[in-house]
Amino acid sequence: MTSIPDVTLNNGIPIPQLGFGTYQIEPQDTEDAVRTALEIGYRHIDTAQMYGNEKEVGAAVRASGLDRAEIFVTSKLNNRDHAFGDALTAFARTLDDVDLEYLDLFLIHWPLPTVGDFIETWKALEEIYASGRAKAIGVSNFKPAHLERLLRETTVVPAVNQIELHPYFAQDDVRAFGAGHGIATEAWSPIAQGKVLGDPVLAAIAERLDRSTAQVTLRWHLQRGDIVFPKSVTRERVEENFRLFDFALTPDDMAAVTALDRGARMGPDPDTFNYVP
Ligand SMILES: NC(=O)c1ccc[n+]([C@@H]2O[C@H](COP(=O)([O-])OP(=O)(O)OC[C@H]3O[C@@H](n4cnc5c(N)ncnc54)[C@H](OP(=O)(O)O)[C@@H]3O)[C@@H](O)[C@H]2O)c1
């Protein structure tokens with residue numbers, strides 16, 4: 001079976017560089033989708049309280065027959081629980097829902113700088129981390145200014161920052177800030193939910209390498225050192241997205257993909273996003 005390289009997080013914990021995303025997978029489809037991914041060889045699952053499918057992710061992990069230690073499970077705090085006590089309660093509910101003894105990684109999903117106080121929320125995550133119920137803690141959608149505040153006012157440096165990242169939105173400033181502070185970058189919507197797949201530059205590279213544009217895009221992320229977890233409910237695509245370790249992009253290919261960056265954010269801007277469900 002293909003072995004997936006690990007990235008070592010700043011606290012020494014290894015995380016498989018390729019995982020499986022579960023955003024927009026309906027709860028009733030999630031257990032099957034995650035089971036398929038685990039069968040194919042994925043060992044890293046990304047979910048969130050907001051996705052409404054944590055129970056089903058946990059069920060698939062428990063039913064897999066694999067040792068718990070072999071699977072890396074991430075979840076994220078819902079926006080409505082940005083407060084010390086609420087964050088602790090919400091995390092406890094997540095552990096109950098996934099029905100696992102611990103999470104590998106727990107993230108603040110959005111900084112919500114106009115709503116709450118992510119500092120207070122982070123202190124709750126620090127407490128969770130100290131208890132051992134999350135092996136690592138991190139953030140998502142944080143810009144350098146948010147991270148600077150966190151680094152100044154709290155103790156534990158986030159292990160990861162999970163951000164929107166794809167060839168049309170390469171976010172090199174945020175990645176460089178993370179690299180400078182030991183914060184690994186995770187790329188969400190790594191193929192821009194399909195929007196980059198018709199790109200002619202990606203198509204030319206894909207044709208030369210006899211690969212798909214999705215594979216070329218995912219390989220670009222991996223060669224940049226970032227962590228990815230493409231989502232698909234289509235078995236053939238889940239397999240295709242796993243076949244990334246028997247080819248490589250040349251330095252020219254890497255530069256050509258990076259040059260596609262046009263600052264095109266698809267999702268909300270973290271500075272102004274204040275959605276609380
Ligand atoms: N932290 C955050 O705020 C945040 C935000 C968004 C996402 N995420 C995480 O990042 C993960 C990935 O992002 P995403 O789900 O938004 O988008 P994505 O992985 O970039 O794209 C998923 C879409 O692309 C299609 N697709 C997947 N593989 C394909 C392939 N090989 N060829 C053609 N189409 C393909 C899927 O279709 P089918 O499923 O129909 O096959 C689905 O419509 C999420 O699942 C979630 O875990 C985090």
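This is a predicted model: local features need pLDDT of at least 70, side-chain atom pairs count only at pLDDT 80 or more; totals for chains, interfaces and linings use all residues.
View 1. Glu39 forms a salt bridge with Arg235, in which the closest N and O atoms are 3.2 Å apart. Since Glu39 belongs to helix H1 and Arg235 to helix H9 (residues 235–240), the pair ties together parts that are 196 residues apart in sequence. Glu39 itself is partly exposed, with a relative accessibility of 49%. Arg235 also forms a salt bridge with Glu239, the closest N and O atoms here being 3.1 Å apart, and these two residues both lie in helix H9, four residues apart, or about one turn of the helix. Glu239, at 27% relative accessibility, is likewise counted as partly exposed.

**View 2. The salt bridge between Arg175 and Asp172 in helix H6****.** The closest N and O atoms of Arg175 and Asp172 are 2.9 Å apart, and both residues lie in helix H6 (residues 172–180), three residues apart, about one turn of the helix. Arg175 counts as buried at 16% relative accessibility, because buried means under 20%, whereas Asp172, at 36%, counts as partly exposed. Both residues take part in a network of salt bridges that also links Arg224 and Asp226.

View 3. From Gly41 to Asp271 the C-alpha to C-alpha distance is 37 Å, the two residues being 230 residues apart in sequence.

Definitions and conventions. Residues are numbered from 1 along each chain as its sequence is written. Side-chain values use heavy atoms; hydrogens and water are left out. A salt bridge is a side-chain nitrogen of Lys or Arg within 4 Å of a carboxyl oxygen of Asp or Glu. Buried means under 20% relative accessible area, exposed over 50%, partly exposed in between (1.4 Å probe, protein chains only).
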